[in-house]
Amino acid sequence: MVALAEQSSAVLAEQLPAEPKKTRIVFIDIGRGLGALLVFYSHIAHPWVLAKHDDAPYISFIEALTSDPMHMAKQGIGQIAVPFFFLVSGFVVTPIALKQGTGRFALNRLIRVYAPMLFVVLLTALLMVVSLHPPSTGQSQDLNPLTILTNTTLVNYLIFPQVVLIPVAWSMIIEVIFYVLLMVVLPVLRRSVWLAIAVELTFIFVVLMSRSQFGPSWSLFAVNVSYLPVMIIGQTIWATTSKRIPLWTGALFAGCAWSLYVLADIIDVGRVDTSYNLAMAFAVVCFLMGMFAEDKLKQRKLWTALSERSYSIYLLHMLVTFVLLQLLRPAVPLPIALLIVIPVVFGVVEISYRFVERPSHALARRLSHKPKTPPKPGPEPRSAPVEDAEVTTELPRVAENPRRPQHAPHGSRPPMPRGDQRSRPAGGAHRARPVPDQAPDRVAESTGRRPAPPRWPSAPPELQHQPDQENHGQRGDEDDLPSHRDSFRRTPR
């Protein structure tokens, strides 16, 4: 009876459709998508509705439940999204740099970051030329070729006095500084991960302590460096989960990074309110909860699409929203104006993603791709080089493709089992093996040992991890996220 029940369950399992495998880490997709939407909402609620005293009781109700009790009334609940983005960068970009190397990594990041930025800066300049006023931080928006160049390259955030054409781009210069720091410590990171993280933390501490010693431009640089501890926490999570450093070392480094972030708040390095530490704490908690819940999350097209477009949403939402609201208000009621504005924003985002961001990713992948060396003449090596794909994470997984049997070339006989080999006479002479009359006559095989069939190559330990998830176009329009295949599997007991 038990055998019959097991057989019935096996047949039923075969009939049920297999659940599609994950190709991405879903909690990062969900976090990036929700983070971009939270920033979008906060920039409607605070710089527009609340700052201009527009009549929107539903906005006030949402703020009373979210931003006010979390002490984020000045910047909004979307403030949690920025440290979450920084955590993702530390977690994802570090293994990419290790795989690509300094030159390829620099070229890849240069194209991926600055191509969409150039598009947004030129669109902003065009709107200013036709007397449509983009959002402002209150700083200078002087428009000339030099300011267009400095805003495109993001160095305007390091030059005093600042000229800011795109208010939301302040977080991107922090990303760029992290990329540069990562390239500097990359030789150390390859040999000793713990030492590289210690060097990064020391650098942050030195910059914070010398913030007022070398002029206003250095002070601006220190403001941007003060956010790097969040990325170091993400980097530490990667190093711990990939077993590059032990758990106690990861906890020590995370605690040091947390202390440096709090220190920046204590010495008032570019902080506009007291909500930064709490926002970072919520981001870390959400990140860790997502990691532990990954096995229960399912990959959906909605999350993937939002995650892939999160960069364009982040750069364009405020520009398009403010320009349209200035044209529609107060002639059109705010709810109707928002029903017009939101679809237009996502339409512009889709144009940017399809014609600027995705092509730039394809170009970055093509230019930073390591050329394959032609095979040398001679016998085939036992282990072939692994396919050069950008690696985004190093979480353990079960091997997908078990070794498959090698097929003999056409016209040749497959090797026979050892027990079935013919007896061979001494001295190397060949003679026919006595066989029954009904069996066909066969010649005995030579005494030479057959070479073993070539084995399927296996990647070295440092490369046995997920495939690239930065590939767009030919491999699916995916963004800068780790891939997932049994990454968070349970340990068998």
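This report covers the fold, salt bridges and a nonpolar surface patch of a predicted model.

## Overall architecture

The chain has 15 helices and zero strands. It holds 493 residues, and 45% of them count as buried. Among contacts with a separation of 6 or more, 76% are between residues 24 or more positions apart.

The accessible surface of the chain is about 26,800 Å². Carbon and sulfur atoms account for 65% of that area.

## Salt bridges: the network

The count of salt bridges in the model is seven. One of them pairs D29 with R24, with the closest N and O atoms 2.5 Å apart. Both D29 and R24 are buried.

Another salt bridge joins the side chains of E308 and R309, at 3.8 Å from N to O. These two residues are buried as well: E308 and R309. Through salt bridges that share partners, R24, D29, E308, R309, E350 and R354 form one network.

D54 is in the loop between helix 2 (26-50) and helix 3 (57-65), while R329 is in the loop between helix 14 (310-328) and helix 15 (334-367). The pair therefore ties together parts of the chain that are 275 residues apart in sequence.

Is D54 buried or exposed? The relative accessibility of D54 is 16%. Buried means under 20% relative accessible area, so D54 counts as buried.

## Nonpolar surface patch

On the surface, L34, L37, I342 and F346 make up a nonpolar patch. Together these residues have about 280 Å² of accessible area. Which elements give two or more residues to the nonpolar patch? They are helix 2 and helix 15.

L34, one of the patch residues, is found in helix 2. Its relative accessibility is 40%. Because partly exposed covers the range between the buried limit of 20% and the exposed limit of 50%, L34 counts as partly exposed.

## Helix 2 and helix 15 together

Helix 2 and helix 15 each give two or more residues to the nonpolar patch.

Key: Residues numbered from 1 in each chain as written. Predicted model: local features only at pLDDT ≥ 70, side-chain atom pairs only at ≥ 80, totals over all residues. Heavy atoms only, no water. Helix = DSSP H or I, 4+ residues; strand = E, 2+ residues; numbered from the N terminus. Buried < 20%, exposed > 50% of the residue type's maximum accessible area, 1.4 Å probe, protein only. Contact = heavy atoms within 4.5 Å. Areas by Shrake-Rupley, 256 points an atom, 1.4 Å probe, with all protein chains shown as cover. Salt bridge = Lys/Arg side-chain N within 4 Å of Asp/Glu carboxyl O. Patch = residues over 30% accessible without salt bridge, like charges linked within 9 Å, V, L, I, M, F, W, Y side chains within 5 Å.
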